[in-house]
Amino acid sequence: MPSVDSVKVAVRVRPFSQREKDAGSKCVISMNSNSTSIYDPRNPEHVKTFTFDLAFWSHSGFLKDKNGVLVPAGCNSYAGQREVFHDLGEGVLESAWQGYNATLLAYGQTGSGKSYSMIGYGANRGIVPAVCEELFKATQSGEENKQYQITFSMLEIYNEQVIDLLAKTRKPGGLKIREDQQQGFYVDGLKLVPCDSYAQIERLMEQGNKMRTTATTTMNATSSRSHMVITVQFKQIFLDEAITKQSIINLVDLAGSERQKSAGPEKDRLKEGTRVNLSLTTLGNVISALAEVATGKKVLHIPYRDSVLTKLLQSALGGNSRTIMIAAVSPADICYEETLSTLRYAERAKKIRNKAVVNSSPTEKLIQELKAENNKLLGRLAGLRSTGTLVDDETQELRCLVAGNEQRLRSAQDTWEARLEAARGEWQQQRAALAQERQMMETFPYLLNINEDPQLSWVLKYFIQDGSCDVGQSTSNAIILRGFGILDKHATFTNTDGEVTLTPGHKCKATVNGVPITGKTKLQHLDRVILGSSSAFLYIGPPAERTDEDLSRYDYDFFQSELAAAGGFSLDKLGAAGSKESRADPSILAVFHDYIKLLPLVAEVNQMSEELKKDLMFELKVKNLALSDSRGYDLQKEVVVRVTHVTTHQVWVWSQAKFMNRKVLMEELYQRLRAGEAAPAGRERDPFWEPPEAVHLGRAHVWLEALAHRAPLRQRAALRDHQGLRQARLLLALRPCGARGRLFGEDDMVMDPLELLGRRVDFQVHMVECRGVKWLREAAGRGIQIGYRVYDLPRCLYTKPVWKNVNPKIDETVQFSALKASYEFLNYLQKNALIIDLWGLQEGCVEMGCSFEGLPLTPEGAVLLDSPNALTAGDAGPDPSSPMSKLYQKLLRVEEETEQLREVNRALRDENLLLKDKLKWDTSHCEKTESESPTKAIEVTEETLSFREAEGRRSPRTSWDAEFAKALKIFYQNMSVVREQFLELKHLRPPVSQPSTLLQFISVATGAPFLTPRSFVLALGICKREVSITDRVSSHHFSPSMRLPLSMHFVQPWRHKDLETL
């Protein structure tokens, strides 16, 4: 009877990585017994909880013992490697002893700890070595009438090719997958090595890792995109009963499960993944289909045959196997989406139900079955020949099956002792080679490989013996090295009495400690050497130069950080350098890690472009490095790839996700072309080709606060790129106006923006001209468009395209209207800026639409703002005779009349207050003068009457309002200038650091005295206070010499002494 078991699922959370620590990440995972919860960092109240068979907390609560093993720190729930093996590995062994097939899958994103759980690192051994060691310990009990046979194999699946990691030579195109009626799918020609000790398996794993490192270099692959499958075949032969129990143990380290982030408008036109991700995608489809079957749904097809991986794992998923999946997850908030995806994937997998059976059969039965199947195949082949319907493909397939069965038949008939003896002979040769390698390490300097995958670092050693040592792809070289950018004779190492020098060949890339070299260079112990695009090595000097320094710090990230720093990219450039007391911005640190991660990939793509003559140059840029949002806050920084065609000067900007997908496709194309295959027909299938597109060149901020006071603003704004460099200057004007476009003057300005609450607010955005556009100067056949978005508009507005003019005239005006200005809209005007984007057009690219289609419009044609129920351009009332249009016109006239009445009322109220103040003063003054002299009283009365006549001819309040309006207008213009000067200073470096010289430098750089915001605030406060005093006290108390025009306060530079005098 088969044993019906569900897939056993465990989840394990690892500690923070260095990148996550630098980014200031927070833990979003919590565990309680067998349940795992994850909360959304953007919405902490949104928590999802999953229940699995096991949950391993390995994030915190551990320390390292004297042997380097991570153990729990006190009484806590930390799960180390021993605990994971106890709960999972022992279950695998128990199934194997009972005769069941057993499978252990490790799933998760790259860097989540899959390989650490499976293989381990250093003293912290993983499940695979522990299972193998415990298996051999149990077989050495020496039971009579019982024989054990253990064979070991190790393969890798990359790009749907199967690579035998234990074979001495690699078969072009990889090994083939065959299907057998009894055992299902198997790898034809895979090397199965008999083993009688764990030491042999340990050495075979080292050999496999060495082959895997060489294969990834040769195929220009990335280990995180490959699947590694270790298979241990365990036979128990009961001699007295003539029965054999056989168990196949599959230990699978799956490729990284990264989900490509949606790039919105930058979404790639080519499908993601292709053959590299095909196996992982198909595995997900198989798991989903089997999960639906387990819930009772009818599924017509389970796509086992769609990929190499799912063929080999057919018995493990829904078949004859007891299966365990360990889902490795990151605890960091920056990996929330990937972690949640992994947990959902594991939740589907636990629904799968397998039907495992004990693989027990008579010993002779296997031989008889193979003979019968072979005779059947031979008969079928003879029948095809006799009928004359011989088909080459089918005949070749049958011959392969016959040959494979004959090989298996001979293997079954061979005695175990003979096969084991042959394996021991190879083992002795490997031990001798290992002893020779250790002796050479103590004698000569050598190169130690550094790989992105820590499991594959320090695996290859290239010794530099006395004399000259050539390096390159040619087989005649002393060191045969393959990879991107490695030529036949790439470089020469010379060892003269322990002094080693490196001399690169002509036009051969070589880097030492991040700096490119072109001539003979002496190497020092622990120098970092990069040959070609990305072949990295740590130079270990002669024994006399070596020290006890810890080499673990020289990892892959160290190499790339050094390379980036030598190229001028560092944390200081990103603006992350803080004081000793404060730590760098976590978001900038995350960008820095992304940059150094992509650096070698860009080098490889540039090499492929050069070899395939694509004329494309790829370079890394940091998006939003010097840009901010409409409120002045820094935008989220991210790494992008700028692609430039060196001949046509066309430019593209790819997101990180798009670049990663394209690199995979480029690798596939590169491999096919190197293998002699024809290039794909049509440029649409070429991953290097991309249709022309508009490129974002720069951005400017124009603050809208002047509009909140109905003050006009004319500004020449600098359009700056992501790095903060000026790309052009834009002259524009913000003009308050009436409903029909009449421009407001100084008398229409308001002191308090809340006066506009609930009233109609109209303004115009006038784009005048754009000067000094670098994009148009750099190449012919280019154009520009300017885009901006105001408040709650559903999309951006764009100006008409202008081509081939470095100083284009734009002269476009758009009027915006808020019928009843809300508090939110007024707050937007006071605190936000208008974001203006400069877009570069290229010949053949699609221009951005500059129509108002789909936007809400008023009957006058103004774009409607601050209205949730606005009409769109398509139904904005084209028929003026419609009832709704007439009603709207009446409402508009009523609002205009109401506004006029408000202005009259305000003027009358001000005049009333002024008359009351003067009447009060006149009454008190007359009483005083009457007591002195009647004649003098008559004179004062006449003086007062003449004063009233003069006041009737002029309005002091209106005069001071006009002065204040002028001052406010000049203030906003000056503030715009100050902002521009600040941006200029932001990207200039002062020659010295003394304060006096620095102030002089600032003054020279800006071309104007340095005015602090405090000075402006004080000046504005004094002006307001002066207006308030003037309203309350008769103006004839002030002499002309005491009055200072308010506009002068903003024109001349302010000093503290001037403010105190006022």
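Contact here means heavy atoms within 4.5 Å. The model is predicted, with local features needing pLDDT of at least 70 and side-chain atom pairs counting only at pLDDT 80 or more, while totals for chains, interfaces and linings use all residues. Residues are numbered from 1 along each chain as its sequence is written, and side-chain values use heavy atoms, with hydrogens and water left out.

View A. Strands (E, at least two residues) and helices (H or I, at least four) are DSSP runs, numbered from the N terminus. Ser153 has a relative accessible area of 1% and is therefore buried, a class that covers values under 20% with a 1.4 Å probe and protein chains only. Beyond neighbours within four places in sequence, Ser153 contacts Leu166, Leu190, Lys191, Leu192, Val229, Ile230 and Thr231.

**View B. The largest nonpolar core, with 51 residues.** Such a core is a set of buried Ala, Val, Leu, Ile, Met, Phe, Trp, Tyr and Cys residues joined through side-chain atoms within 4.5 Å. Met767, Tyr788, Val790, Phe816, Phe825, Leu834 and Ile836 have the most contacts inside this core. Strand S39 (residues 761-771) supplies its largest share, five residues.

**View C. Packing of helix H6 (residues 278-294) with helix H8 (residues 336-349).** The axes, lines fitted to C-alpha atoms over the stretch in contact, lie 8 Å apart at an angle of about 45°. H6 and H8 are therefore oblique to each other. Leu280, Leu283, Gly284, Ile287, Ser288 and Ala291 of H6 meet Tyr345, Arg348 and Ala349 of H8.

Conventions
Buried < 20%, exposed > 50% of the residue type's maximum accessible area, 1.4 Å probe, protein only. Axes fitted to C-alpha atoms, helices over the stretch in contact; angles between N-to-C directions. Parallel < 35°, antiparallel > 145°, perpendicular 65-115°, else oblique.
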